Amino acid sequence: MKKTILSARGLCKSFAHNGGQVHVLSNIDLELFDGDFTVVMGASGSGKSTLLYTLSGMDRATSGQVIYNEEDIAAMEEKKLAKLRRGDFGFIFQQMHLVSNLSLYENIVVPGWLNKEQPSAQVKCRAEELLGQMGISHIKSHLPSQVSGGEQQRCAIARSVINCPRLLFADEPTGALNRKNTTEVLNLLTHLNQQGQSILMVTHDIRAALRATRLLYLEDGKIAGDMALPAYQPEKERNREEQVNAWLSSMEW
Amino acid sequence: MAILNGMVRQDMEIITLIKANICRKKGSFIGITLLMVIISMSLTAIISVQDNCRDGLKAAYEQTDAADVTFSIKKQDLSADMLSSLKEHPLIGRIRVFDAIQATEIKCGGITEQTGWELLKYRKEFKIVNDAMNAYQKEPATALKNGEIYITQGTMTRMKCQIGDSLRFFISGREYSFQVKGIVVEPMFGSSTIGWKQIFINDEDFEKLRADEDAQKREGKTALYSMVSLYKAAGCALTDGKFKRRINLDTGIIDRASVSLTKEMSEHYTNLFMEIIFAILLVFILFLFLVVLITMAHSIGVGIEMDYTNIGILKSQGFSKNKIRAVWILQYLLAQAAGAFAGMVLAIPLCNVLGGLFWPITGILANKNISAAKSLFLISVILLISAFLILMLTRKIARISPIRAISGGRSEIYFDSRFQMPIFRNWLSASLALRQFTSNRRKYVGTIVIVSILIFFMLTVTLIGNVLNSKTAIQSMGGLYVECAMDFTEKVNDKQLANIEKTIEKYSKIKKKYYLTRRYLSVNGEEIYCQIYQNPEVVPVLNGRAPLYENEIVVTEIIADELDLKIGDKVLVTHGDSKKEFIVSGLFQSINDTGLTFVMPLKGAKIFGVESVDYAGYSLDSPQSSAKITAELNNIYDGILKAKSTEGGGIMEDTYTIAINCMKAVIYIFSVLFALVVVVMVCNKTFIQERNDIGIYKALGFTAVNLRIQFAVRFFVVALAGSLLGSILSIYFSGRLLNTLLRNMGITSFAVQFTPITFFVPIMSICLCFLLFAYLAARKVKKVEARELVME
């Protein structure tokens, strides 16, 4: 029996548009489980990113609840949300969004220090370890503008897990990368998941979707499909790809 | 009309763009407008008040038929021959002579003044001021009754008296009491900056005083004087000073006078204080304009970077670089022009307030007109300079390539340095703020310069304030500040002086003592105020040494410049029929007679009939004992001296202190206002530039309060850096600036006294304003959701 890490009840998100309302998320009920690599797919405008940001507390839901640790994130005050982002949640963005005047090392270490859960030396140690894991130790003192997009995204991944978050949110993390860098980033995420990291990732890239242990399909703001997958094994990628493609076709993707 | 319509149609796109830009960047334009309001308002008010005071004085001179040279001479010294030689002098057009009675002392309440007071018959040409003290009385003045007097505002300020108060006059030892009936405008001696004063009484009282004086025969002494007014002949092109000197060289009459004043010098003394205050404020405004230019430069620089893509789009749509630059120039000039206009309107009430501030000093009723033409001219110059600057700053618009701009190919806009300021866990927000500052220093250079200018002026006015309250500073600038002063009514010898000192030292140690008398003596034909010291070694000299020998004098730098003298030069000093050659042994400074003064030792002055000093002043170690000392001295030496205690009194007259404090307040308030506008403008731009980073920080778990503190700390650091620069500038240049501005007052070497408090108050005011205003300006951080910031 999997343990629920985050759940949504009757989640709705609407935007005002041309005097009317556009319903992006409609009454979504969802449970995310500990240790899952959950991937959300869907056509453009289906509400994937909105779902991710609403679940993570980066955006406020119009109605409904997002329960984490028996608390409703949707109704949480700003200070508590900040604390949540600091320790329990990690974020990876499509455009990396590293702080431009901090070195790669500092970009990783600053959220660790901000969290104050770990001693300073431990944060530094973990940052070094992550830099090594991500293969960017040799450029740790470089500024983001001095490294490639792939290296920036690896740094962003290291930053997102510095505080060992319970849940990692990733918004199309390979969207701005070339093929080689995409594979590297996906390998890193898969590796993290296999070490027990829960991940919720939004993507429209089928190669990224292959890494999932659970696939969600979003259509018109509703969850239209939910499929469980075994843990990713590179040697079985071809079979997995066929399975996922078939499922996506059934979703009319 | 058709052509105009065509032009309007042609330029509609420019108007549309300007409207759109102003709406989009209203914060910046409001900031520029506010800064211009302050500049235009102050400039217009200062110029208008200056013109009003100058015009008011000139009108009063005309109204009272003020002479080019006025002097007071003992009636017995103005012989018929002397008078006829004056009348026949080719440079003199006409002469007016009025009888006067000189009082040696005047008292009101606890205030006693000994400087020359002359009582004259009231003449209708001196207009009476109304009860509100803001206009002349409309109805003709009722005749003065016996025992009533009219005084000038200068007398009122000095004696701290009101209409209805009684003034006691001492004439040849006799005491008379008069009641103040009203205030008259007498422009020649009326200002409180001029020591000599005229008091007006009715004809009957005057004749009674004259009869009393005539009845009391005193050998060689008299209180009967003649006030002589000399008017230049038509066609005489000499300045008033040269005219006076020429008359004196030809007749020697000024040497015999007890006081003389030219209209030019009267004008100089009357407007002196106002001119100095306004000179300081005008320099301040000039620098504020520089602040506006820097702020505008920053706004344009950042604006172009942020509008990079839009400019590229406009270019791709066929807008020429000149058209785009025209839009930028017009939008900023519009903001400035709006501020300038509003400032001119607001200057009207300010003019009334400022004009009233100087009435107690000048004693002249000034109009409340706005010098519109002059102000408009200066504001046009400001706008022209601004237009030129904008033209220069918008040159980079020409270099923007539409393709590169649209494809987002601009270089990193918000980060220009690789300087790595370390980040610490314990001071995370503060060290991140420092990093943001050090990694983008260029962006803050303008703000640092602005703060340094504001701090420089705040420190400069604080220095003036320090001097007002500093005995040592006043003394080092040649001023006499003593707690115990006395005038000798009889000749005193050295033994008596030693006994007086012993009496004083029973209560307090004497820190400094001054024994002197004063005379007007001619130096190379120029009548100059001379301070004759029995102990000239106490005179603080700037160069050379004190006049220790009987043939030595020290002169002020102003006299040295006027008479082209340097140390070692010989000068001829004359008085009446006596003359003697002296050597200039040094230079000193003095605020007496606005620096037109010199010092000689008593032993050197004997040739001019000066046998002893008539004044002693003591600076005490324990000032609080001065009241007891003066009481005892007046008791022991009754009939020989009149001692008075100045303990507890201000160093400077209240009126001057108020005016200087007003100037200080204006500079402090404007500095804080400028700090506010600049911080808000720069913060808003920075916020827009760093919106993405703020979003990232929020996503990482920084709270809005964390981020606002970072913002505030960064601007606090900027303010601190600017304060440091401003302090260094002040240490090097405040003294020089004040020497230039206060030279007219006689100060050529300002006693700059920096104390920790001098720096602390202005620096903390500005830094805390920056901290607070930056924190408030960064409130937008709170209102924006993290996702909204990240997903641009």
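How many residues does the contact take from chain A, and how many from chain B?

## The contact between the chains

This is a predicted model. In it, the contact takes 24 residues from chain A and 23 residues from chain B. On the side of chain A that touches chain B, two elements give two or more residues each: helix H2 (78-87) and helix H3 (104-115) of chain A. Sorted by class, this side of chain A has 10 nonpolar, 8 charged and 6 polar residues.

## The sheet in chain A

Now turn to the strands. Chain A holds an open sheet of 4 strands. Their order is S2-S1-S4-S5, and the pairing is antiparallel. Strand S2 (20-33) and strand S5 (71-72) of chain A stand at the edges. Each has a single partner strand, so one side of each is left without a neighbour in the sheet.

## Strand by strand

Start with strand S1 (residues 4-17) of chain A. S1(A) pairs with S2(A) in the antiparallel sense over 10 bridges. Here A:Thr4 stands opposite A:Phe33 in S2(A). S1(A) is also joined to strand S4 (residues 63-68) of chain A, by 4 bridges. These two strands run antiparallel as well. A:Ser7 stands opposite A:Ile67 in S4(A).

A:Ile67 also has a bridge partner in S5(A), namely A:Asp72. S4(A) and S5(A) pair in the antiparallel sense over 2 bridges.

## The hairpin

Which two strands form a hairpin with 2 residues between them? They are S4(A) and S5(A). In the turn, A:Asn69 has a positive phi of about 50 degrees.

How values were computed
Residues numbered from 1 in each chain as written. Chains lettered and ligands numbered in written order. Predicted model: local features only at pLDDT ≥ 70, side-chain atom pairs only at ≥ 80, totals over all residues. Contact = placed C-beta atoms within 7 Å. Nonpolar A, V, L, I, M, F, W, Y, C, P; charged D, E, K, R; others polar. Pairing = 2+ DSSP bridges.
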